[in-house]
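Hi,

Here is the structure I promised to pass on. Have a look at it first, and then read on for what turned up in it.

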Amino acid sequence: MAKITIDGVEVEVQEGINCIEAAKAADIHVPHFCYHPSLTVVGQCRMCLVEIEGMPKLQAGCSTTVKDGMKIHVWNEKVDEARKGQMEFLLINHPLDCPICDKAGECPLQDYSFNYGSVNSRYGEFKRTYPGMDRTPIGPHVVQNMNRCIHCTRCIRFTSEITGTSELAFFKRGASTEVGVFPGTPLDNWMSACVADVCPTGALTTREFRFESRVWNLESADSVCNGCDVGCNIFVGFRQGQVFRYRPRVNPEVNDHWLCDFGRFSYERYDTDRVVVPKVRTEDDYLGISTWSEALEAIANAVNGASKTAAIFSANMTNEEAWLAKELFVGKMGATVGVMVDPIGPIKMKSRTEWLLGTQAAPNYRGVAAALGVGSRESGVGAVSAQDSGSNSDTRHPTPDTLLDNLMTNGAEGIDVLFITDAMFSERASDPAVVANLRKAKFLVVMSWDANHPLNDVADVLLPSTIHVEKEGTFTNLQGRVQRIHQAYPPKGQAVTDIELYRRIGAVLYGNAQFDHIPEFEPAGETAGAQA
Amino acid sequence: MNLTRVRPGVVRVERTPLTVLDRLYLPQVIAGMMVTIGHLLHNLFNLKKLPTISYPEVKRVYSERFRGRHILTTREDGTTRCVACYMCSTACPAECITIEAGEDERTREKFPVRYDIDLLRCIFCGYCVDACPEDAIYMTRDYEMAIDTRARSVVGLRDLVVPPNFPVGPMGWRPYYGSIEKHGTAGGTGIGQQLRSAPFEDDAPPNPDVFRGGDAQ
């Protein structure tokens with residue numbers, strides 16, 4: 001440990017870390033562009049200059065490691081003057097087109113220009129431009145505007161150090177240095193859109209979010225990506241009940257600063273018609289809009305006369321929902337239940353220390369399987385067969401659920417009431433043959449949020465369900481880490497959160513206040529770090 | 001009237017009973033008519049000082065900085081100056097501006113595909129004009145915005161955009177009140193861009209907003 005003084009504040013930090021990280025311990029922000037906690041230090045932007053007593057010149061805070069007894073000044077006249085000069089240099093060739101730049105509002109260059117820059121420009125000459133490079137699509141997701149680049153090389157270091165694909169590089173020399181891709185090799189890797197996050201200017205933006213909304217018009221909610229079972233921490237950017245983007249939330253143990261393209265743009269699946277009202281099939285075989293009480297009454301009538309019930313759980317459920325649904329369907333109703341998950345990827349994600357491989361297409365298979373009690377047939381659980389304990393490689397590839405397999409391939413004959421808690425429980429559920437097989441149950445209850453899902457049309461009772469940004473809960477990721485998701489906006493139309501939905505079914509069948517208590521699932525090491 | 005304070009916040013008002021003359025109503029009606037007739041006679045003998053005007057034929061001259069209906073200005077090449085930066089809708093306290101941005105692959109990086117102003121929500125404060133970094137939105141001195149249905153209160157691009165070289169001289173409220181010179185391109189890549197002197201430095205006409213004696217208003 002080293003005892004250092006930063007702007008008069010004495011802090012004790014680990015020896016060998018750099019001044020920027022040390023200043024964070026003293027709650028002092030050292031402005032920086034090229035430095036990134038997860039990338040190597042290059043000392044290129046000179047924005048993080050600090051004064052260190054005993055050294056004749058200002059030192060770059062990112063490349064200077066702290067030593068016991070060091071006295072660092074982040075805020076004094078000399079440093080301020082240097083920063084102001086540096087800001088002036090950076091803005092000489094910056095187009096200052098903030099009005100049409102998507103980064104405006106969350107742009108480090110803009111913020112530092114306000115905080116550390118000078119009000120007036122002394123530059124009267126023509127700005128250096130890159131003709132024809134103001135809208136270059138350099139990959140499937142990334143659009144580059146070279147004019148806005150300040151040559152911090154964060155994107156180049158990201159492709160060479162994190163993804164290891166090295167698509168980006170510097171070309172030309174001096175004032176005409178440009179960041180670009182090699183001919184024939186576009187920036188097309190599985191995490192390519194992360195370069196738009198690390199870019200401290202609007203030089204790199206994502207094509208999907210481009211011009212969709214100004215960032216200050218978006219609200220943000222902490223959540224967890226549900227693209228795969230890695231469980232990357234995200235911010236959901238939303239407005240008026242619509243998701244506009246996902247942004248990585250820093251968690252060094254899981255996704256560090258990154259988010260894969262598949263997960264980042266997985267919100268696009270929500271851009272569809274939603275089920276917003278319950279529907280009940282009438283006597284003349286018409287699936288018509290109904291009230292909640294009519295729908296619940298139809299379910300109650302069917303369940304009360306049923307001898308064999310079954311429920312298909314979904315790996316998209318939160319732990320709380322899985323617990324509650326198990327209490328309802330297994331504990332009270334005595335149903336056979338099963339859960340399955342589609343294979344995916346593997347999607348690689350780099351935490352600060354290790355590579356994680358996402359192999360399941362849903363975020364919470366492990367949590368749901370654990371809630372069902374893996375393999376415990378006594379509790380009426382059918383054929384849940386995920387070996388979630390231990391570290392053998394089988395955890396990545398759960399063996400197929402025999403109950404669900406039987407239902408989907410041979411048909412659901414003999415089952416009086418079949419509950420499908422999420423129509424998107426598997427991609428196979430959209431297959432017409434599978435839909436026909438599931439329809440063979442005498443009474444089919446489908447909970448769904450996608451109004452275009454083929455299972456909706458065959459249901460006897462269709463209940464509106466919610467997507468993960470509309471509910472609170474926890475997901476268990478592949479490390480067994482319990483992570484919390486927060487509600488961004490309330491469910492649409494007459495839909496209710498899934499917990500409330502199960503409670504309503506339970507209330508109409510077994511009386512009120514049956515399922516009020518849900519055990520707490522404690523999130524492990526919750527971090528709410530901002531984008532560095 | 002007799003007021004008694006009962007307790008903090010509560011006042012009892014004693015009603016004064018009407019006199020016989022009051023109850024007849026006629027004396028008060030006559031007193032009212034006297035006022036009307038007095039004004040009539042006064043106006044008949046002072047026709048030149050009439051405060052009312054015959055509106056559709058005669059129109060009042062408003063201030064040069066009157067904040068009336070908005071327009072969206074255009075560049076010489078016919079494209080709207082607006083770059084859909086949302087500054088106006090962000091500054092708008094009434095939240096009456098709705099913008100959707102689009103991208104033209106060949107020419108302009110960003111432009112509005114939708115620009116709606118709800119004139120019934122608009123409070124004509126002029127903040128949008130002040131916020132605009134491109135001198136794209138001005139306010140005219142047009143105050144005739146009568147509509148017959150509520151739906152027509154929302155005006156879009158086809159109502160707001162004016163042709164190029166539209167005379168902005170007789171406009172209403174606009175930023176940098178004075179001579180209007182605009183160089184360079186939207187997006188400000190710097191090509192052909194000249195440094196613009198600070199606002200209000202050039203020869204602005206005398207501020208017409210200053211009250212200039214009796215016959216203004």
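This is a predicted model: local features need pLDDT of at least 70, side-chain atom pairs count only at pLDDT 80 or more; totals for chains, interfaces and linings use all residues.

Which residues of α8(A) meet α9(A)? They are N319(A), A322(A), W323(A) and K326(A), and their partners in α9(A) are G367(A), V368(A), A371(A) and L372(A). Helix α8 covers residues 319-332 of chain A, while α9 covers residues 365-372 of chain A. Their axes come within 9 Å and cross at roughly 30 degrees. Angles under 35 degrees count as roughly parallel, so α8(A) is roughly parallel to α9(A). The crossing of this pair is right-handed.

Next, follow α8(A) to another partner, helix α13, which is made of residues 498-510 of chain A. The axes of α8(A) and α13(A) come within 9 Å, crossing at roughly 20 degrees. That makes these two roughly parallel as well. Is the crossing left-handed or right-handed? α8(A) passes α13(A) in a left-handed crossing. On the α8(A) side you will find E320(A), E321(A), L324(A), A325(A), L328(A), F329(A) and K332(A). They meet D498(A), I499(A), Y502(A), R503(A), I505(A), G506(A) and Y510(A) of α13(A).

The crossing is right-handed. From α7(A), the residues involved are W292(A), L296(A), I299(A), A300(A), V303(A) and N304(A). Those from α13(A) are L501(A), R504(A), I505(A), V508(A), L509(A) and Y510(A). By class, the contact of α7(A) with α13(A) has 10 nonpolar residues, one polar and one charged. If you click on I505(A) or Y510(A), note that each is listed in the contact with α8(A) and in the contact with α7(A).

How many cavities of 30 Å³ or more does the structure hold? There are four.

The largest cavity has about 90 Å³ of space. Its lining is made up of 15 residues, and those nearest the centre are C82(B), C85(B), C88(B), C132(B) and A136(B). By class, that lining has 14 nonpolar residues, no polar ones and one charged.

The second largest cavity has about 70 Å³ of space. Which residues line this one? From chain A, they are C149(A), I150(A), H151(A), C152(A), T153(A), R154(A), C155(A), C199(A), P200(A), T201(A), A203(A) and L204(A). This lining divides into eight nonpolar residues, three polar and one charged.

Cheers

Notes. Residues are numbered from 1 along each chain as its sequence is written. Chains are lettered from A and ligands numbered from 1 in the order in which they are written. Side-chain values use heavy atoms; hydrogens and water are left out. Axes are lines fitted to C-alpha atoms, for helices over the stretch in contact, and angles run from 0 to 180 degrees between N-to-C directions. Helices (H or I, at least four residues) and strands (E, at least two) are DSSP runs, numbered from the N terminus. Angles under 35 degrees count as roughly parallel, over 145 as roughly antiparallel, 65 to 115 as roughly perpendicular and the rest as oblique. A crossing is left-handed if the near helix is turned anticlockwise from the far one by less than a right angle, and right-handed if clockwise. Contact means heavy atoms within 4.5 Å. Ala, Val, Leu, Ile, Met, Phe, Trp, Tyr, Cys and Pro count as nonpolar, Asp, Glu, Lys and Arg as charged, and the others, Gly among them, as polar. On a 1 Å grid over the protein atoms alone, a cavity is a set of points where a 1.4 Å probe fits but cannot get out, and a pocket is an open set with protein on both sides within 12 Å along at least five of seven lines; lining residues have an atom within 4 Å of a point. Grid points are joined across faces, edges and corners, and a volume is the space filled by probe spheres set on the points.
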